[in-house]
Amino acid sequence: MSEVYSQLLAQRRQKILELVLNNPLLVDSLLDPEKKLNDSHVEQVAQQKQLLVETILVLHAADIADILESMPEEARQAVWQIIPVENRGRILVEASETVWESLIECMSDKQTLQAIAPLDLDDQAWLSRFLSRDLTGKLLTGLEPKQRARILQLIGKDRGGVAQVMDFNIITVRPNVSLGVVQRYLRHLKKIQSGTDKIFIIDHQNQLLGELLLTDILLHTPHAQVLDVMNPHPVTFQLDEQAENAASAFERYNLISAAVTDGEGKLIGRIAIEDIIDLVNQENENNIRKMGGIREEEDVFAPVAKSVRNRWAWLALNLCTAFVASRVIGLFEDTIAHLVALATLMPIVAGIGGNTGNQTITMIVRALALHQIEPSNFSFLFLREIGVALINGILWGGVMGGITYLMYHNLALSGVMMLAMVLNLLLAAFMGVMIPLIMTKLKRDPAIGSSVLITATTDTGGFFIFLGLATLFLLH
């Protein structure tokens, strides 16, 4: 994206947001066209509406989706009203799932079908997963039998599978033709889907035989046969394969596109790099939410009541763990009463343990996502994290022990501080490895609430270790 276009886009975005967010009468008028306005406001609102239409409809669907995601729900629905129904499908494809509910709920079934109708078959298949059963049935009724069969094949698939990112826009040729014939065929098509770097070679039963790079078509003589030039062993993916595996393969093999086949090796569709990028961005966003105990579907501008419902479970768990931590402190009230300095040092021990735990758990969750953890390397990985924690504990525990001595001139207290930090960092590393592995063993996403769990563990453990050591060495 050029700098000039970026600046122009930023200006238009700012203008739209200011226009909508600073003019409640405009929002009310868009949501309820029948609402009567004072004579003094009619012309002003009409001008604002015209300016809004002229500014937003010249933008790309992805930019409009981004702007809609930056608005509160009521303003978002108001802007949605001025977008022609035939343009809404592309915007829905580009928008994140978190804003879908607020966009679709103000559309009738007829409008939803009209919005989806102009889309490519793969986009229709993707959107159909989020529609009601009745609406999906109406969508399928309007399709040709072959198209209907393709969508039905994808609807029941796991949303985390290759079907989530696959499209049907593929170019195929037979192996027994020349490159000159292929060139004429491509010119006849007049249009090639974005992200196309190869065409696929199939037989009469639609069996995938290989792939032919566009560069090979250009660099070899037109008389060469496809069979002699094609790659007979391409990287392919199964329809039921996990999309994360496909993303890893795209990174590992520097792929731009790849074929998707069924269990019998018949070509179904393809995956393009642009779909993989969208998937990776979505997964990164979802993982950030999960680690904080926030649901994937929560919208940053969702109503307060809805956000409260989405977050209460993890907050309740956090409250329980906080209560446990407070009771641990309560066990050592006499110790704290005899040495008030402990109260000021406790948060340091717990805080650095939490930070270490989050660092460890981030590394482990990432390694699990990339399938880097195997039974054969688990012990090495475990001992590595323990070693890192031990060295950091000795280093920073020594620093804090020295600072504690300078502050309180108590050698025993400084020793307790150092030992407590070493032990809490070891506990944090241990739990940082074990929490995601246990979650994986239980068939749960290891990222869900991991930061909440590790913080609770290191807080409770840190308080118990520090105050326990203080009771043992400072009061006796």
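Partly exposed here means a relative accessible area between the buried limit, under 20%, and the exposed limit, over 50%. The legends below describe a predicted model.

**View 1. Arg 13 and Asp 66 pair in a salt bridge.** Their side chains meet with N to O at 2.5 Å. Arg 13 sits in helix H1 (residues 3-21) and Asp 66 in helix H4 (residues 61-69), so the bridge ties together parts 53 residues apart in sequence. Asp 66 has a relative accessible area of 38%, so Asp 66 is partly exposed. Arg 13, at 25%, is partly exposed. A search of the whole structure finds seven salt bridges.

**View 2. Asp 123 and Arg 90 form a salt bridge.** The closest N and O atoms are 2.9 Å apart. Asp 123 belongs to helix H9 (residues 121-128) and Arg 90 to helix H6. The two residues are 33 apart, and their pairing links distant parts of the chain. Asp 123 counts as buried because its relative accessibility is 12%, and buried means under 20%. Arg 90 is partly exposed, with a relative accessible area of 30%.

**View 3. Helices H6 and H8 cross.** Helix H6 covers residues 85-94, and helix H8 covers residues 109-116. Their axes come within 6 Å and cross at roughly 70°. That angle makes H6 roughly perpendicular to H8. The crossing of H6 past H8 is right-handed.

**View 4. Glu 211 and Lys 198 join two strands through a salt bridge.** The side chains meet at 3.5 Å, N to O. Glu 211 lies in strand S3 (residues 208-213), and Lys 198 lies in strand S2 (residues 198-202). The partners are 13 residues apart. Glu 211 is buried, with a relative accessible area of 8%. Lys 198 also counts as buried, at 5% relative accessibility. Asp 197 belongs to this picture too: salt bridges that share partners join Asp 197, Lys 198 and Glu 211 into one network.

**View 5. Five residues make a nonpolar surface patch.** Leu 395, Trp 396, Val 399, Ile 403 and Met 407 make the patch, which covers about 460 Å². Ile 403 is found in helix H20 (residues 375-408). Ile 403 has a relative accessible area of 35%, so Ile 403 is partly exposed.

Methods: Residues numbered from 1 in each chain as written. Predicted model: local features only at pLDDT ≥ 70, side-chain atom pairs only at ≥ 80, totals over all residues. Heavy atoms only, no water. Patch = residues over 30% accessible without salt bridge, like charges linked within 9 Å, V, L, I, M, F, W, Y side chains within 5 Å. Areas by Shrake-Rupley, 256 points an atom, 1.4 Å probe, with all protein chains shown as cover. Salt bridge = Lys/Arg side-chain N within 4 Å of Asp/Glu carboxyl O. Helix = DSSP H or I, 4+ residues; strand = E, 2+ residues; numbered from the N terminus. Buried < 20%, exposed > 50% of the residue type's maximum accessible area, 1.4 Å probe, protein only. Axes fitted to C-alpha atoms, helices over the stretch in contact; angles between N-to-C directions. Parallel < 35°, antiparallel > 145°, perpendicular 65-115°, else oblique. Left-handed = near helix turned anticlockwise from the far one by under 90°.
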